[in-house]
Amino acid sequence: MGSTANLSLIVVAAGFALAFVFGLAAARSNFCTMGALSDVVNMGSWTRMRTWMLAAAVALLGTALLSLTGQIELAKSVPQRPALPWLSLLVGGLMFGVGMTIAGGCANRNLVRAGGGSIRSLVVLTFMGIASYMALKGLFGQWRATWLDPARIDLASLGWKDSSLATALAKATGMEARTALAVTAAAVCAALLAFVFKDRRYRGNGRQITGGVVLGAIVAAGWYVTGHLGYGENPDTLETVYHATNTRTLESFSYVAPLAYSLELLMLWTDKSLHVTFGIALVLGTVAGSAVHAVATRTFRWEGFASTADLRNQLAGAILMGAGGVTALGCTIGQGLSGLSTLSIGSMIAVVGIVAGSVATLKVLVWQAEREETQSGGAATLASGPLGTNAQ
C-alpha cells in the first residue's frame, strides 16, 4: 500500500479531516456528554442524551459491520484487550466524571469551546494534557501502576480472545464468534434506537438526529482509517503494523492521551523520533472544525474566567480529567463512543464510573446551590424585618 511515510500521512490526514467534521457537527448540535447528563439530572430533559445514544448506536453498527466484513480486527484494539484492569477503569472513570462536571465539560467539549475562542478551555486543555502525561509516564502513572492496575481479571486465562460482550455471549452459549457479534450488536443497537426514537418531539429534531448520526459514523470511520487504511508493512522491519498511532494498534476517537502527546510533540519538537499521529490530528482537527463553525455562525468570541473560584474549579476539573482519563483508558469519547462501539466490557465499566461520578457531583452542586439560596433568602428576610431595621 505504499511506504511507511505515505501510510502515516494518509492516516494523519484522514484523522484530521474526520475530526474537522466531528468538531463542526459537535458545535452545531451542542454535543456534550456532561451537558446531556446535566439536562437529565437538573431538568429531566433527555434530548441531548438521546443524541449521545444515537451516536453510540451508529458507531456500534458501523464498527460491527467493519469487523464482520473483515475490514478491521477489533481484538487488537486497546478497549478489547483480554486483561481487564477493572479497578483502574472504575476509579479512573469516577475521577473523569467528577472532573468534567467541575470543569463544565469533557475534553471534547473543551476542544470545541477552544475553537470558539474560549481561553478558559485552552487553559483547561493545557492542564488536562499535563495531568494526562503525568498519568502516562510521570508521578500519577506510578500511583496508577502500583495501586490500581494490579487489580485485573485475566480473561485470556479463561479462553477469551478479547473482552467483548459478544465474546461473553459466545462463551456462555457456544455460539460462533461472528454470529455472537452480529446478535449482540443488533440487540444493543435496537435497544438504543428504540429508546432514542420513542420520543415524538425528538423524532422531529433534525439537527440533533443529524448530529448523532454524523458523529457516530465518524467514530466508526476512525476505526477504518487506522485499522484498515493504516495497516501495512514497515519496509524497515518487513513487519505488518498499524501506522501513525500512539498505541501502535488500531484506534478511533479519543482525546485525553492525545492531548498529552500533543504537548510532548510541542515541547520536544526537535526530537526526530516524535511525529504527528492520528490522535494528535484528532485534537487539531476538532479545534479547527469548531473554529470554522464559530466564524461561520458569527459566534466566535474570546472568553476568559469569570472569577478566581471559576479558575480554581476549572483547573481542579482539568487535572482530574487528565489523570482519570488515562487511568480509565479513555474519556467520554474514547471509552464512551469509541470503546462502546467495540462492545468492550472494560469500556462499559469506565462509562459507568464516568456517569456515576458526574451524576453524584451534579447532585452535590445542586444541593450546595439550594443551601446557599436558602441561607441568602433567610438573611434577606432578617435584614428586611424588625431585627434588620434595628440593625440599620
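Q: What percentage of the 392 residues of the protein count as buried?

A: A residue is called buried under 20% relative accessible area, exposed over 50% and partly exposed in between, with a 1.4 Å probe and protein chains only. Here, 48% of the 392 residues are buried. This is a predicted model, in which local features need pLDDT of at least 70 and side-chain atom pairs count only at pLDDT 80 or more, while totals for chains, interfaces and linings use all residues. Residues are numbered from 1 along each chain as its sequence is written, and side-chain values use heavy atoms, leaving out hydrogens and water.

Q: How many helices and strands does the protein have?

A: Helices (H or I, at least four residues) and strands (E, at least two) are DSSP runs, numbered from the N terminus. The protein has 17 helices and four strands.

Q: Why is helix H5 described as largely enclosed by the rest of the structure?

A: Helix H5 covers residues 107–115, and eight of its nine residues are buried, so the rest of the structure largely encloses it. Among the buried residues of H5 are Asn108, Arg109 and Leu111. Glycine 117 follows H5 and has a positive phi, near 105°.

Q: What share of the contacts joins residues at least 24 apart?

A: A contact means heavy atoms within 4.5 Å. Among contacts between residues at least 6 apart in sequence, 78% join residues at least 24 apart.

Q: What does the C-alpha trace span along its principal axes?

A: The C-alpha trace of the protein spans about 90 × 55 × 45 Å along these axes.
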